[in-house]
Amino acid sequence: MTMNAVVLAHGNPYQKNPYLAKLSRVLAEAGVPHEFWVWSRDKAKIDEPRVRVLLDFGSWGGGFINVIGYFLWVVILLVRVFSSSRETVYFCSRFDSALPCAIVASFRRCNFVFLDRDTLSKSYSWPGVIRTLIESMEGFAARRALLHVVPGKSRVKNMALAANLRIVPNTPHSDTIAAARKISAGKRRSSASLKVLVSGLVSPERGAGMILRAIELVDPAKFEFFCAGRLIGDDAHGIAASLGSNYRGLLSNEQALALTIDSDLVLAFYNPRLEINRLAEPNKWFDCAALGVPFVTNPGIETATPFGNAGGCFFCQYGNGAELATLLVRLYEDRKLLESASAGLQGLKFEPWNLAMGAVIDSLKQKPPGRLNRPGPNCAG
């Protein structure tokens, strides 16, 4: 069947959000016309013909202003989706985009896919009553979705209870890896220094403080640090300031992967105090596995087990910058440890994202017209 899609999400889908960039590529490969309706929290203009900015408000990070922003975003989507074509399939990035579609689906047919990338109920230390309410609303959205897509089994309580559940790991797109290798080809400088990469969201909950401390402790003649991504908090900005031109800002997915290829080691920490971090399914880990670049993370993350068992990563206690510095020195002095870790990662086999998500999209295209929506309990179709 012919399918038209709209992706509901935050940010710039091509430069600042790898997930949305590879989703667009897979939709295009499947021959699905699509556009993006986004909430922009950056001051820079998004100059893309397929991107409609529905809300330009707030900033990245927390704060009361962004609470207002979320409320406005949900209301705007509710109105736009309700008044739009019933034949459109909405790909909803995260719960705040899926909730308006689920509400509309309670009154009339609304075809949507819940891309449950970050489980909201597990992302903050909510009071018990609030958490229970959010979990209930997440279930409400998941039941009314055509498909509920999660990044790993760690996010699923009972597979048997969710017929519409699909697991698509956060692996990279095959073509993005190929493009990154072309960007990287021949650009890696031969040097005795250890090249260490900090990328993605650089924030207090992602270990910015311990990373900055480690940078300050090690011999700058022996290490070359690079950073790329969004900076949140004083420590993150301190990292960027200390690295000067080695802070590369916000990069495209291809450029970010090329920087990974050119690195000896990637730092990827997650505060285990938050449940969502203990169940993390980070892009960075799967990028490293696909490229054979070892990474350092912290104990207390259940989903790191396959990488640790393969010997493909190193562990350092969260928040301990001195321990991280000691580990970095050990890896600088014994490069065979890195070679062994790289071999361990290359022994892991994960399905490329384009194949896994491509199968999800193909399953939607194959459904006969008028039968896309699979209403949940008490849901009018």
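This is a predicted model: local features need pLDDT of at least 70, side-chain atom pairs count only at pLDDT 80 or more; totals for chains, interfaces and linings use all residues.
View 1. Seven strands form an open sheet, in which the order is E3-E2-E1-E4-E5-E6-E7 and the pairing is parallel. At the edges stand strand E3 (51-56) and strand E7 (165-167), and because each of them has a single partner strand, one side of each is left without a neighbour in the sheet. On average, and with direction ignored, neighbouring strands of this sheet are turned by 20° against each other. As background to this view, strands of a sheet pair through backbone hydrogen bonds, and they may do so in a parallel or an antiparallel way.

View 2. Strand E1, made of residues 5-10, pairs with E4 in the parallel sense over 4 bridges, and here Val7 stands opposite Phe91 in E4. Helix H2 packs on the sheet, where it touches E1, strand E2 (34-40), E3 and E4, and its direction makes about 135° with that of E3. Helix H15 (residues 353-365) lies across E4, E5, strand E6 (147-150) and E7, and it runs at about 175° to E6.

**View 3. The salt bridge between Glu87 and Arg109.** Glu87 forms a salt bridge with Arg109, and the closest N and O atoms are 2.8 Å apart. Glu87 lies in the loop between H2 and strand E4 (89-93), while Arg109 lies in the loop between helix H3 (95-105) and strand E5 (111-115), so the pair ties together parts that are 22 residues apart in sequence. Glu87 counts as partly exposed, at 47% relative accessibility, whereas Arg109 is buried, with a relative accessible area of 18%.

**View 4. The salt bridge between Arg94 and Asp118.** In the salt bridge that joins Arg94 to Asp118, the closest N and O atoms are 2.7 Å apart. Because Arg94 lies in the loop between E4 and H3, and Asp118 in the loop between E5 and helix H4 (120-123), the pair ties together parts that are 24 residues apart in sequence. Arg94 is partly exposed, with a relative accessible area of 23%, and Asp118 is also partly exposed, with a value of 30%.

View 5. The side chains of Arg273 and Glu205 meet in a salt bridge, at 3.2 Å from N to O. Arg273 lies in the loop between strand E10 (265-267) and helix H10 (275-278), and Glu205 in the loop between strand E8 (194-202) and helix H7 (208-217), so this pair ties together parts that are 68 residues apart in sequence. Glu205 counts as partly exposed, at 28% relative accessibility. Elsewhere, a network of salt bridges links Lys122, Arg131, Glu135 and Glu275, and the count for the model comes to 8 salt bridges.

View 6. Asn17 is found in the loop between E1 and helix H1 (18-29). At 9% relative accessibility, Asn17 counts as buried. When neighbours within four places in sequence are left aside, Asn17 is in contact with His10, Asn12 and Arg117.

Key
Residues are numbered from 1 along each chain as its sequence is written. Side-chain values use heavy atoms; hydrogens and water are left out. A salt bridge is a side-chain nitrogen of Lys or Arg within 4 Å of a carboxyl oxygen of Asp or Glu. Helices (H or I, at least four residues) and strands (E, at least two) are DSSP runs, numbered from the N terminus. Buried means under 20% relative accessible area, exposed over 50%, partly exposed in between (1.4 Å probe, protein chains only). Two strands pair if DSSP finds at least two bridges between them. Axes are lines fitted to C-alpha atoms, for helices over the stretch in contact, and angles run from 0 to 180 degrees between N-to-C directions. Contact means heavy atoms within 4.5 Å.
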